[in-house]
Structure formats: structure tokens, C-alpha cells
Amino acid sequence: MSTDDMADEQAARAYLERVRHEIDDEVRRRRAAGDFPPSFERRLDELFARFTPTGSADDHFTEALKLADRSAYFDIDVPIGSRREPKGLVKWSLWQAEAWFVKYVTTQVNHFAASVMRVVHLLDERVSDLERDVTLLTPPPLPEEEVLVPGADPAPFVGLLRTRLSAPGAPPGRVLHAECADGVLLGALAGAGVDAYGIDPGTAASDRAVASGLDVRRDDVLGHLGSVGDESLAGLVLSGCVDRMSLAERRRMLGLAELALAPGATLAVIGTMPEAWERTAGPVAADLAPGRPLHPDTWAHLVGQLGFTGVEVSPLGDSFAVVATKRAADAPAPHAGPSGAGAASRR
Amino acid sequence: MRPTRIDQVVPSFGGRDAIGAHVLHLRAVLRDQGYESDIWCQGAFPEVRQQCRLLADLPARARPGAWWLYHLSSGSPVAELIRARPEPKLLDYHNVTPGELFGRWVPTAVEEADAGRKQLDDLSHACRFAFADSAYNEAELHALGCTRTRVVPPLFDPDALRGPVDRQTTLRLREERAGGGADWLFVGRVNPAKAQHDLVKAFACYRRVFDDRARLHLVGSWMGQDYPRALVRFAARLGLGSAVHVTGPASEAELGAYYATADVFVCASEHEGFCIPVVEAMHLGVPVVARDATAVAETAAGGALLLDDMSPMAVATAVHRVLSDHAVRDNLVAAGQRRARDFTLERGRRRWAEAVEEAVRSSARPPA
């Protein structure tokens with residue numbers, strides 16, 4: 001850096017430092033004048049705290065308690081500054097006249113708030129003790145390694161997919177399998193000469209897939225599809241999560257899939273037959289799951305709504321595959337359903 | 001002995017992220033220096049798959065004359081794989097965001113960050129030389145006992161954003177601007193370490209006190225789902241649903257449109273090892289207001305208004321001052337553009353060419 005550049009940088013830093021001090025002064029002045037009510041900033045903190053994840057009941061409660069502690073003190077000194085001098089004088093005079101009464105009331109309110117907070121802390125201790133003794137009923141964790149392969153033998157599905165991928169008008173590029181678990185189907189695709197990679201949110205499953213030499217990374221389906229470039233995939237196989245997602249998540253997933261697939265690319269949804277899922281999931285897991293499998297006809301309807309063509313349903317034992325092709329760029333746009341299934345966007 | 005080949009390794013190779021772009025530029029520098037050079041990765045995004053080789057194809061035996069250059073920004077099994085290889089190794093440290101900043105929002109990121117810190121410790125001793133994006137990153141390497149280091153900012157091309165901008169995005173942004181109000185912009189992955197929630201709070205204050213028609217654009221890919229969705233819900237509850245846009249990832253042309261229409265770039269990030277978007281904003285003449293945290297002050301070097309007090313009202317007041325006081329704005333833009341000239345792609349390539357030669361020279365013998 002030249003001497004001139006260094007001098008310029010120092011001058012810029014000094015200037016901005018001065019501006020920063022002026023801004024600090026302005027904030028102090030406006031706070032004193034009551035332009036910036038502290039209650040508004042506090043409300044912002046409180047509101048955002050409501051959206052924070054509740055990792056555990058205790059974490060959330062402790063956070064809420066801290067917030068309540070901060071809010072349980074009322075300031076006796078009211079802001080008396082004003083941008084106009086006579087107003088400031090009026091505020092000061094009123095404050096002087098009423099100070100004894102305001103202090104009297106505020107002190108009692110503070111005592112009351114402190115007592116309430118003490119009760120809440122005592123309750124917190126008691127609830128914590130209870131939580132230690134009682135096992136809370138929590139929804140059963142979803143098995144990390146769901147069987148994602150369509151039946152015991154993936155060969156028929158691989159054949160079906162290869163035919164689509166090599167059809168005239170099919171674009172070149174990679175095929176993504178989400179969620180691929182330990183990669184049995186992915187391995188079969190790679191073995192059939194398909195340039196495929198996989199994602200899976202499960203640590204153990206994805207590590208096993210990587211150890212067997214497959215291109216697999218740990219990622220969730222929605223996050224990954226949201227990051228993949230537009231129209232960059234030649235094919236997409238969705239499985240696993242398709243059985244347990246909520247309906248809204250499934251629709252978002254299909255919307256993102258439509259964005260990520262190139263014109264003419266192939267989309268395949270491998271799901272479990274609802275009857276088979278009811279039989280194998282068990283009553284508790286079935287009742288508490290956020291979503292339940294859709295029938296193959298429903299998937300076919302949803303992908304058709306998004307404008308996919310050549311929709312084909314293949315039974316695969318207790319599972320099924322719905323395979324479809326994204327319309328070519330010059331094909332007419334589809335008519336989206338009444339709820340706008342075709343209007344998915346990353347934004 | 002001088003290597004004949006320097007191969008780069010990155011766990012996941014994407015075309016849109018900062019490290020992906022840096023790795024591609026660096027490969028060109030290495031090849032220009034006369035080295036053979038490839039990019040190896042565990043997984044590649046489809047759009048850049050043809051640009052790289054997969055580690056699954058890596059031969060088990062050592063390759064004579066070949067060195068590795070590993071890019072570390074998070075924990076990955078790839079770091080273990082490279083550490084165990086017999087070839088000499090170089091490290092490019094982009095910093096690892098501390099896991100606690102992701103908190104309960106992205107539990108997997110906490111695990112990866114913790115693993116990354118551990119791998120940094122291991123690799124800093126196993127590598128012959130380490131590059132750091134900033135002096136801030138270099139200090140972390142020194143603290144681990146790694147002494148052969150050099151600060152070299154990442155390679156990126158700020159002029160690429162001056163290219164044709166996305167027409168549709170520009171039209172939409174212009175339409176919104178027609179109704180008046182300032183446009184706030186932040187570019188970066190949507191995650192709690194970047195503290196976009198602090199931006200929403202500051203923006204809410206700004207709308208309430210200074211400009212009730214302003215808009216906030218949060219551009220960047222999502223890390224997980226919980227935090228970005230919470231931001232959207234938070235904004236909606238504040239009545240700002242139509243004023244706060246959490247856009248998701250943007251192409252270069254779309255990003256160019258956002259920078260071209262922004263009135264101010266505001267960064268509340270709690271952890272940055274360098275922060276390329278700050279340089280992009282300065283380069284494109286957008287005034288920058290940022291939290292004075294980690295490496296941001298070093299990157300901005302007098303080209304941005306840095307704040308200690310990140311209370312919402314303080315940030316709102318600072319932005320208002322920048323947007324309403326022409327002298328402050330003009331000074332800030334001029335200082336930013338002056339600073340951004342240090343990061344042109346041409347200068348960056350020269351810096352990296354020198355740095356690689358220094359690393360090769362000083363790595364003639366392995367570390368003690």
C-alpha cells in the first residue's frame with residue numbers, strides 16, 4: 001500500500017470514527033427524549049424469542065425467565081429531554097411535582113414484580129425437579145435408516161429410470177437421489193452407468209455410503225434442492241422423506257424439484273403404499289408422524305399439476321415409483337391447480 | 001523439492017459459494033505458475049461437476065511430485081483423509097464459524113463446526129505452510145503453533161457483478177422502489193451466525209422512526225430450514241411481511257440487480273473470516289454499515305461504518321445518518337471504493353502467485 005493510500009485510509013477511519021460518535025450521541029439524545037421507546041426494542045427481542053427452537057423444555061423456559069427478569073424492573077427516572085426547550089422544561093416541572101407519587105407507586109410495582117419473579121423461579125425449580133423424575137412423552141424419533149430401496153431388487157426401477165434418462169430430448173447431467181440412506185439404489189444407478197450422487201440427513205447412513213465409495217453428502221432434501229442451480233439436474237429420485245413430510249413440505253419439495261430439473265429431465269418419487277406403511281410403522285409412530293404416505297395416484301396428480309408429462313406409476317412390492325418427465329422448454333405451460341402448485345419459487 | 005502438481009481439495013464443491021469461486025480462480029493461478037492442478041472433492045454440485053474429480057477415484061498410493069492444498073472452512077471426513085495421505089500438504093484456512101453461534105437452530109452445523117476446529121488443530125501441524133484469508137484467521141493459526149503462514153485474501157471477481165443484471169429482478173426491484181423508501185441489502189448465507197434477525201429488528205425500528213416505506217432484502221442460500229422460516233414469520237408478525245424479502249440463493253445476474261438497486265448494505269454478522277459481500281458492496285458504490293466483529297474491520301479497512309452498539313435503534317440511526325447525510329454517504333462510498341481496489345481479481349492473482357512460490361520455497365523441509 002502506498003503512503004498516499006495509507007494516509008487516505010487513516011483519514012477515512014478518523015472521519016468515520018467521528019461520525020460514529022455523533023451517531024452514538026444522537027441515539028442517547030433520542031432515547032432521553034423518548035423518541036426511541038425501550039419497550040419497542042424489548043418487544044422485538046421478546047417476539048423473536050418466541051420463534052427460537054425449543055431444543056429442550058428447560059432451555060426455552062430459562063430463556064423466557066431471563067427475559068421476564070429484565071422486564072420486571074420499572075425505571076423511576078422518566079425521560080424529560082425534548083427537542084424543544086419549553087417542552088423539556090414542562091416535562092421537568094411535571095416530573096418534580098409528581099416525583100414523590102411516581103416513586104411511591106413504582107417502588108411498590110418493583111416490589112410486586114420482584115416477588116412474582118421469585119415465585120416463578122421457585123416454580124422453575126419445582127418443574128425442573130419434576131422433569132428429572134418423569135420421562136416426558138415425546139414423539140418417537142424417526143428411524144435414521146429407513147428402507148428407501150424400491151423392494152429388495154432395485155434392478156427394475158434402475159432399468160425404468162435409465163430408459164427415461166437416455167430417451168431423445170433427455171438432457172445430459174447428474175442425477176440426484178434424495179434421501180439415499182446407505183446408497184443401495186445409488187450404487188445400482190452408478191453401476192448402470194448413471195452419473196448419480198446422493199444426499200441423506202442421517203449421519204450413520206451417509207457415512208456408510210461414503211465408505212462404500214459413493215458420492216454422498218449429509219444434507220436435508222429441502223435445503224439441498226434450494227441450493228442446487230436452476231435446471232441443472234438431469235434426473236431426481238425422491239424417497240424416504242416423501243413418506244413422512246407434511247403436505248406443505250411435500251408441495252415445496254416438488255416445487256424446488258421442478259426448478260432444479262432441466263427441461264426434459266426425469267423425476268421419480270419412490271413411496272411406500274399407505275396400507276403397507278400402516279402395517280409396518282406401528283400405531284404410535286403412525287399416529288405421531290407429521291405426515292403419512294400418499295397414494296401413488298396422488299403423487300401422479302401432484303406432478304401432473306406441475307406440468308410434468310409422461311407420468312407413469314410402477315408398483316414395486318410394498319412400494320411404488322411414480323416417474324415423470326419435465327416438459328421441454330418450448331412446450332406449452334401447464335395450467336396450475338387452484339392453489340397454485342406450479343408457482344413454486346426459491347424466493 | 002519443488003512440486004510438479006498442486007491439487008486442491010474441498011469437501012463439497014459448489015459453483016455459487018465463495019470458496020467454490022476461489023478454488024476455480026486459484027486453479028487457474030496454479031496452472032499459470034506451471035503446476036498441474038486439479039480440484040478434488042467428495043461431492044460436487046451438478047453445475048460444476050465437470051470441473052472437478054471425485055475423491056472416490058483417488059489412487060491409494062502416493063503420487064510423486066504432487067502436493068495437496070486443502071481448503072478448511074468446516075469439519076469433514078475429507079480432512080482426515082487428506083491428513084493421512086503421505087504427500088506434502090498446504091492449508092488454506094477460511095475460518096470455521098464457532099458452533100455455539102448456530103445454537104439450537106442448526107444442530108448438524110454445531111457438530112461440523114466442532115469437528116472443523118479439531119481438524120484445524122491437526123492439519124495446522126500436518127501442513128507445511130498455511131494461507132489465511134485475513135490476519136484474523138492467521139492469528140488463530142499462530143495460536144495453534146502454526147508459524148509458516150501468509151495472509152492472502154480469497155480470489156473473487158467483483159467486476160463480474162457489473163455484468164448484465166437479471167432483467168426480471170431489476171424490474172421487480174424498480175417497481176417496488178417506485179413507491180419510495182430505501183432498500184437495505186445483506187448478502188450471505190441465512191444462518192444465525194450472520195444474525196439476520198438483528199437486521200430485521202433494526203429494520204423494524206428504521207421503518208417505525210425514519211422511513212415507513214423502506215425494504216430489506218436478505219439474499220443468500222438457506223442453512224437448514226428453521227432459522228430462515230423463523231425470520232419470515234418474525235417479519236410477518238411485525239407487519240413487515242411485504243417489506244422483508246428472504247430471497248434464497250441468487251445467480252450472479254440477480255445479485256448484480258440487488259446491488260445495483262440497494263441504498264445501503266447492512267451487515268450484522270457475528271463471525272466473518274473475511275466477508276466478500278462487504279467488498280462487493282464497497283466496489284459497487286453501495287455504502288456499508290456493519291457490526292465491528294471478527295475480520296470485518298480488517299476487510300473494510302476504513303471503507304465501512306462499523307458499529308459497536310448493535311441495538312436495533314443504534315443500527316437504524318446509523319443507516320438513517322448514512323442515507324440522509326450526503327457528505328457522510330459520499331465519503332463512505334469513496335472510502336469503500338478506494339479499499340475495494342485492493343481486491344481486484346488481477347491483484348488477487350498476483351498475490352496468490354507470490355504466496356504459492358513462498359509456500360513452496362519455505363516448505364522445502366517439513367515442519368519440525
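Modeller: In this predicted model, two strands are said to pair when DSSP finds at least two bridges between them.

Biologist: How do you know that strand β2 of chain A is joined to β3(A)?

Modeller: Pairing asks for at least two bridges, and 3 bridges join β2 (residues 196-200) of chain A to β3(A), so the two strands pair, and they run parallel. Within β3(A), A:R218 is the residue that stands opposite A:D200.

Biologist: In what order do the strands of the open sheet in chain A lie?

Modeller: The order is β3-β2-β1-β4-β5-β7-β6, which makes an open sheet of 7 strands with mixed pairing, and from one strand to the next the twist averages 15 degrees.

Biologist: What makes β3 and β6 of chain A the edge strands?

Modeller: Each of them, β3 (216-218) and β6 (309-316), pairs on one side only. Helix α12 (residues 296-305) of chain A lies across β5 (261-272), β6 and β7 (319-325) of that chain, and runs at about 15 degrees to β7(A).

Biologist: Turning to chain B, why are α5(B) and α8(B) called roughly parallel to each other?

Modeller: The axes of α5 (residues 167-177) and α8 (residues 252-261) of chain B cross at roughly 25 degrees and come within 9 Å. Angles under 35 degrees count as roughly parallel, and therefore α5(B) and α8(B) are given that description; their crossing is right-handed.

Biologist: Which residues make the contact?

Modeller: From α5(B) come B:T169, B:T170, B:L173, B:R174 and B:R177, and from α8(B) come B:E254, B:A257 and B:T261. By class, that contact has 2 nonpolar, 3 polar and 3 charged residues.

Biologist: Why does B:R148 count as partly exposed?

Modeller: B:R148 has 17 C-beta neighbours inside 10 Å. A buried residue would need 20 or more and an exposed one 12 or fewer, so B:R148, lying in between, counts as partly exposed. B:R148 lies in the loop between α4 (135-143) and β7 (149-151) of chain B, and its C-alpha atom is separated by 7.3 Å from that of B:R128, 20 residues apart along the chain.

Biologist: How many residues of chain B are in contact with chain A, and which helix gives the most?

Modeller: Chain B has 50 residues in contact with 41 residues of chain A. Among the elements of chain B that each supply at least two residues to this side are β2 (39-44), α6 (196-209) and α12 (326-340), while α11(B) gives the most, with 6 residues. By class, the side of chain B that touches chain A has 22 nonpolar, 16 polar and 12 charged residues.

Key. Residues numbered from 1 in each chain as written. Chains lettered and ligands numbered in written order. Predicted model: local features only at pLDDT ≥ 70, side-chain atom pairs only at ≥ 80, totals over all residues. Helix = DSSP H or I, 4+ residues; strand = E, 2+ residues; numbered from the N terminus. Contact = placed C-beta atoms within 7 Å. Nonpolar A, V, L, I, M, F, W, Y, C, P; charged D, E, K, R; others polar. Axes fitted to C-alpha atoms, helices over the stretch in contact; angles between N-to-C directions. Parallel < 35°, antiparallel > 145°, perpendicular 65-115°, else oblique. Left-handed = near helix turned anticlockwise from the far one by under 90°.
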